[in-house]
Amino acid sequence: YLALSDALGHGVLTAKQREIIALTVAQANECHYCLSAHTLMGKGAGLSADAIRLAREGKAESVLDNAVAL
C-alpha cells in the first residue's frame, strides 16, 4: 500500500482525486478504519463533507472527478 501511495503521489492525480479513490475503495471494501482515515485525509486535501459522501457512493462533484471515482 505504501509503495502504491508513493507512486500515486508522483502521478497526475490531485490530492483530492487520490482521496476520492481511497474513499470509494474503502467503502466498497467496508473497511471502517480506512473510511475514518481517508475521511480525515480527504478533509485535509480540501474535500467538503458532501464531496466525501459522494466519494463513498462512487461519485464526485465534477465530471473529471466523477470519472476518477468510477
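So, to start: where does Gln-17 lie? Gln-17 sits in helix H2, where helices (H or I, at least four residues) and strands (E, at least two) are DSSP runs, numbered from the N terminus. Before I go on, a quick word on what we're looking at. This is a predicted model, so local features need pLDDT of at least 70 and side-chain atom pairs count only at pLDDT 80 or more, while totals for chains, interfaces and linings use all residues. Residues are numbered from 1 along each chain as its sequence is written, and side-chain values use heavy atoms, with hydrogens and water left out.

Okay, back to Gln-17. Is Gln-17 buried or exposed? Gln-17 is buried, because its relative accessible area is 7%, and buried means under 20%, exposed over 50%, and partly exposed in between, using a 1.4 Å probe and protein chains only. Leaving out neighbours within four places in sequence, Gln-17 is in contact with Val-12, Leu-64, Asp-65 and Val-68; contact here means heavy atoms within 4.5 Å. Take Val-68: Gln-17 and Val-68 are 51 residues apart in sequence, yet their C-alpha atoms are 6.8 Å apart in space.

Rolling a probe the size of a water molecule over the atoms shows where empty space is left. The largest pocket has a volume of about 380 Å³. It is lined by 17 residues, and the closest to its centre are Tyr-1, Leu-8, Arg-18, Ala-22 and His-38. Helix H1 (2–9), helix H2 (15–29) and helix H3 (32–45) are the elements that give two or more residues to that lining. H2 supplies the largest share, with 8 residues. By type, the lining splits into 11 nonpolar, 4 polar and 2 charged residues.

On a 1 Å grid over the protein atoms alone, a pocket is an open set of points with protein on both sides within 12 Å along at least five of seven lines, whereas a cavity is a set where a 1.4 Å probe fits but cannot get out; lining residues have an atom within 4 Å of a point. Grid points are joined across faces, edges and corners, and the volume is the space filled by probe spheres set on the points. As for the types, Ala, Val, Leu, Ile, Met, Phe, Trp, Tyr, Cys and Pro count as nonpolar, Asp, Glu, Lys and Arg as charged, and the others, Gly among them, as polar.

His-38 is in helix H3, and it counts as buried because its relative accessible area is 8%. Beyond its neighbours within four places in sequence, His-38 is in contact with Tyr-1, Glu-19, Ala-22 and Leu-23.

Now the core. In soluble globular proteins, nonpolar side chains tend to be buried together. Which residues make up the largest nonpolar core here? There are 10 in all: Ile-20, Leu-23, Ala-26, Leu-35, Leu-47, Ala-51, Ile-52, Ala-55, Ala-60 and Ala-69. H2 and helix H4 (49–56) are the elements that give two or more residues to this core. A nonpolar core means a set of buried Ala, Val, Leu, Ile, Met, Phe, Trp, Tyr and Cys residues joined through side-chain atoms within 4.5 Å.

Leu-47 is found in the loop between H3 and H4, and at 9% relative accessibility it counts as buried. Not counting residues up to four places away, Leu-47 touches Lys-16, Glu-19, Ile-20, Leu-23, Gly-42 and Ile-52.

Gly-46 is also in the loop between H3 and H4, but Gly-46 counts as partly exposed, at 42%.

Most residues other than glycine have a negative phi, and most peptide bonds are trans. Glu-30 has a positive phi of about 55° although it is not a glycine. Glu-30 lies in the loop between H2 and H3, and it counts as exposed because its relative accessibility is 62%.
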